[in-house]
Amino acid sequence: MTLLPRVETMIAVFYFGLFAASFDFISGYTGYLSFGHATFYGAGAYLVVLAANGKLSVPYDTPFMLLVVLAGLLALGLALAIGAVSFRLSGVYFAMITLGFSQVIYVFVRDWDFVSSAPRDGAAVIGPSGVTPPSFDIGVPFVDALNLAVGQLSGDTVEGLFGVLNFSTTEVSYYMIGLVALGCYLAMQRIIHSPFGRVMIAVRENEERARAVGYDTFRYKLAAFAASGFFAGVAGALFAGWRRSVAPDNSLFFLVSGDALLASIIGGFGTLAGPLFGRLFDETIREFLSKEGAGGGLLPYLREHLSEGALATEIFNGLTVQEAISTFINGHASLYLGLLFVLFVLFVPNGLLGTLRERVGDTLAGAVDERLRR
Amino acid sequence: MSEVVLVSTLDALGQFLRPSTLAEVFVDGLSKAAVYAMIAGGLTLIFGLMGVLNFAHGSLTMFGAYLGGLVLVVAVSQATGPFARLAYFFVAAVVVFGLLAALGGALEVGLIRPLYDRPPIYQILLTFGVTLVLDEVARIAVSFYGLQPITEWQAALGTRPGVLSESYTVAGVGANGLDLFQVAVGALVVGAVWAFLTRTRYGLVVRAGSEDSEMAEALGIDVRRVFTTVFALGAGIAGVAGLLLAWDPTWGASVPLASETLLPAFVVVIIGGLGTFRGTVYAALLVGLVDAVTTWWFVNAIEFSALPEMTVFLILVLVLVVKPQGLFGVAEVGGH
């Protein structure tokens, strides 16, 4: 039994971790809880699917990398519009107005028959009628040799790279989506460590003082929100590119923002890499408690290692061990995640990464560096 | 083509402006307002005093719907006449209020109390985690007892007495029995909370605590205990609201009811202005009436099914754009 998640799960960690990082970028660093962040993620995802279906005024076979950038820009524009109104408010009001905007968009898209014939179920990449749907290539646009296609059930394989490396379609997707996510992470990292990022943190720590020092905090907040929206849009585009479909409930719904919040808190609020680890933690537990658990979950393990007799043992009122397992564990990872989340809020408020940093007194990379020099 | 649309819109407008239609929409709006006031009432009490935006409120409402439905289903085997069933509704209300108040009190003491020294965001986060747990517990219980996959729990709907399913016409204005019942229950609860806040000594203590908790503490009031009481009270009201929804075919008892009621409750509380019970009641009226009007237009003239649901959030956005503190809000409540 291995505890490591499957490659498929890791891909989800990449794109959703990127979304969670973009949520943390605005919420964790400026202190403004963006509770409607799923809007930007969903906008990116919908843009990719609609463009590939030829429903937008871009060619349906626009290179995926351009769509990713377009998705980011669309989300950036939305973030500017929503942010311009929302940043007049702070605290709970800010969280609520962003939530309000996101729910308006969610309900609208859920019933908008332009998206697909069954908008509630979402839209899949089918291409314009009579045309094979486009493949989503990550690489250098317009240079075939430097592109690799990603996708859940389709995509490229690599054989004999440097004579030894072979990758399945899933592994290709893993590396390519990982590359984009890494690039975005580094870009956000760069912004956080720039003078601009210092102002964001100043806003979080004491906005009045930041304003008194002479910063136009509204502009800084809006710019940070727009940047955050851009990366959330990119994350949504990666999600749609991998899944080749999108639905309102897995992209625009407010609980998707909630999942990002979960990842940020568990990983460490106000640490950019934390949400990635938080999502890894989240996905690992979900996978561990799910029935299939292809990486080797708890249920297959119990089934293999408990004897028939033990499984058929009655615990209470005709409820056998087997039934109890499938009732209380299978598919109910949210329960245990929720409990963990509550415990984290109560006892580990800095999250995994934040607590580690506190312990070593530095960023982890810095601490390792120092150890090595000693 | 567009001419046809225009004519039918004008027709619809003419029909809408008829006094009887307006009156019917008004009654419908009142019943919706009663529901909104019920689901938001407990939330606003908790926020007003403690500054805790309770994300678990919707889950408590959902628990109330299932528990209340359970009491009603059990009671139906003993009640035959319609008025006996109505009487059992109030028995169920008392039971649900008690159970949910106990749960709410336990949540406050066990989980929220340790967080008062931290920034208010941690209380929001904690109650968000509690929602995940409560919803999943409900999902497990519901699937365990075989109530799913029926999303609207038919058994609870079936206990609704016939008198509430009929329409009554007074002076040419038709109204559904259930609507009238909802208005009555909503008015009762709002009146009771209002009387509690303004007419009782404990209500005075609660208001003092929400105005200035440090000063109240200095005057010898145990604010912590008041917090627990108010949280229990808010949870109890959420439960009764859930019970009321268990009879309503457009809501019904289901696990997603938690987020379906949580969001409108937030909207109403924010529109009214955080921390004012009066504002919440007015906001519920506003949202209820606008909801009723858009529902009428959706049914009769406009073919966009998302319209009524979208309106609720559009009102939120509009109010916050025009008046960031909400209709009756004051700038600084509960440290926000």
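Which residues of chain B does the UniProt annotation "transmembrane region" cover? According to that unreviewed entry, the annotation covers residues 33–53, 60–80, 86–112, 124–147, 180–197, 226–247 and 305–322 of chain B; UniProt positions are given here in the numbering used for this structure, feature names are shortened, and annotations may be inferred rather than shown by experiment.

Before selecting anything, note that this is a predicted model, in which local features need pLDDT of at least 70 and side-chain atom pairs count only at pLDDT 80 or more, while totals for chains, interfaces and linings use all residues. Residues are numbered from 1 along each chain as its sequence is written, chains are lettered from A and ligands numbered from 1 in the order in which they are written, and side-chain values use heavy atoms, with hydrogens and water left out.

**Annotated segments**

Start in chain B by selecting residues 226–247, where the chain is 95% helix and 0% strand and the end C-alpha atoms lie 33 Å apart; helices (H or I, at least four residues) and strands (E, at least two) are DSSP runs, numbered from the N terminus. Then select residues 305–322 of chain B, which are 89% helix and 0% strand, with 27 Å between the end C-alpha atoms.

For chain A, the unreviewed UniProt entry lists several segments under "transmembrane region", among them residues 91–109 and 252–273. Residues 91–109 of chain A are 100% helix and 0% strand, and their end C-alpha atoms are 28 Å apart, whereas residues 252–273 of chain A are 64% helix and 0% strand, with the end C-alpha atoms 23 Å apart.

**Salt bridges**

Side chains of opposite charge can pair when their charged atoms come close.

Select A:Arg373 and A:Asp369, which form a salt bridge whose closest N and O atoms are 3.2 Å apart. Because these two residues, A:Arg373 and A:Asp369, are 4 residues apart in helix 16 (residues 364–373) of chain A, about one helical turn separates them. A:Arg373 counts as exposed at 68% relative accessibility, and A:Asp369 is partly exposed, with a relative accessible area of 36%; buried means under 20% relative accessible area, exposed over 50%, and partly exposed in between (1.4 Å probe, protein chains only).

Next, go to helix 5 (residues 121–144) of chain B, where B:Arg139 and B:Glu136 lie 3 residues apart, about one turn of the helix. Their salt bridge brings the closest N and O atoms to 3.1 Å; B:Arg139 is partly exposed at 35%, while B:Glu136 counts as buried at 3% relative accessibility.

In chain B, also select B:Arg225 and B:Asp222, whose side chains meet in a salt bridge of 4.0 Å, N to O. Elsewhere, salt bridges that share partners join A:Arg110, A:Asp111, A:Arg120 and B:Glu309 into one network.

**Surface patches**

Patches are made of residues with over 30% relative accessible area and no salt bridge, like charges being joined within 9 Å and nonpolar side chains (Val, Leu, Ile, Met, Phe, Trp, Tyr) within 5 Å. Select B:Glu211, B:Asp212, B:Glu214 and B:Glu217 to see a patch of negative charge on the surface; Lys and Arg count as positive and Asp and Glu as negative, with His and the chain ends not counted, and the place of a charge is taken as NZ of Lys, CZ of Arg, CG of Asp or CD of Glu. B:Glu211 is found in helix 8 (residues 201–211) of chain B and counts as exposed at 68% relative accessibility.

A nonpolar surface patch is formed by B:Leu10, B:Leu13, B:Leu17 and B:Leu22, which together have about 350 Å² of accessible area, as given by the Shrake-Rupley method with a 1.4 Å probe, where for residues only the protein chains shown count as cover. B:Leu13 is found in helix 1 (residues 2–16) of chain B.

**Single residues**

Finish with A:Arg244, in the loop between helix 7 (217–243) and strand 6 (245–246) of chain A. Most residues other than glycine have a negative phi. A:Arg244, although not a glycine, has a positive phi of about 60°, and this residue, A:Arg244, is buried, with a relative accessible area of 16%.
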